[in-house]
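Me: Here is a structure I have not seen before. Please take me through some of its features by question and answer.
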Amino acid sequence: MNYLAELFLIAISAALINNFVLYYFVGICPFIGVSREVDMAVGMGCAVTFVITIAAFLSWTITTFVLIPGAPLSAFIAGFFLTPENAALVDLTILSYIVYIFAIASSVQFVEMYVRKFFPALYKSFGVFLPLITTNCAILFACLTIMSHVSGVDNPADVWGLGESLTLAIFGGLGFTIAIVIMSGIREELEFCDIPDALKGAAITLIIAGILAMAFMGFTGVDSGLKKVLKPSQVKEAVIH
């Protein structure tokens, strides 16, 4: 029950409360560039969700089995050159940025080939923005968040497994999709509005993004209330200590 509650809290937090775009302000480039039409925004949201899920799976696997101190694969290879005690201390987390970028780039290439093969119209509508998913900092942000919950955690019980990591990725992508679809719907309606020349284009878009960010602040504290309901025992222990 506690495990399912933890997954539910991660999902709600990633999708709404701590939305990647409107709370952490990552992934702004595609959020602004591909939010002119709802159909295009839905396609980009699905593509980002797919890529971020694959990247999260790869990053958790590589971090757990290769990068962190005591990782099985790195300890096994280091054991040929070092004593078992020193091999278990090998820390490769300094390579995390490079490894994650390669994982994201390979995921994007897979998605690009798939969309170009089966959805050519959608591929043409994306234009340059589909390859630019590689530079979408929301995906790298998710990978680094997963690493922070796998490496350097004081309490071993708080270390994230694959379930928590994939939950963050899937619902983080869903939150991105929600944000970009809302923005695209508003921007479609703006085509029929009389906007001052000085605010046309990126200016009015950024103003709307700020208003949406303030609206999503209304979800602040929801996770604390849900935690009290779903995990009352842990909340009581925290109050006692």
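Me: Which helix gives the most to the lining of the largest pocket?
Reply: This is a predicted model, where local features need pLDDT of at least 70, side-chain atom pairs count only at pLDDT 80 or more, and totals for chains, interfaces and linings use all residues. Residues are numbered from 1 along each chain as its sequence is written, and side-chain values use heavy atoms, without hydrogens and water. A pocket is an open set of points on a 1 Å grid over the protein atoms alone where a 1.4 Å probe fits, with protein on both sides within 12 Å along at least five of seven lines; lining residues have an atom within 4 Å of a point. With 7 residues, the most given to this lining comes from H1.

Me: How are the rings of Tyr24 and Phe141 arranged: stacked, edge-to-face or tilted?
Reply: Rings of Phe, Tyr and Trp (its six-membered ring) pair if their centres lie within 6.5 Å; planes under 30 degrees apart are stacked, over 60 edge-to-face and the rest tilted. Here the centres are 4.7 Å apart and the planes stand at 45°, so the pair Tyr24 and Phe141 is tilted.

Me: Is Phe141 buried, exposed or partly exposed?
Reply: Buried means under 20% relative accessible area, exposed over 50%, and partly exposed in between (1.4 Å probe, protein chains only). Phe141 has 22% relative accessibility, so Phe141 counts as partly exposed.

Me: Which residues form one aromatic cluster?
Reply: Tyr24 and Phe141 are 117 residues apart, and their pair links distant parts of the chain. The cluster consists of Phe20, Tyr23, Tyr24 and Phe141.

Notes: Helices (H or I, at least four residues) and strands (E, at least two) are DSSP runs, numbered from the N terminus.
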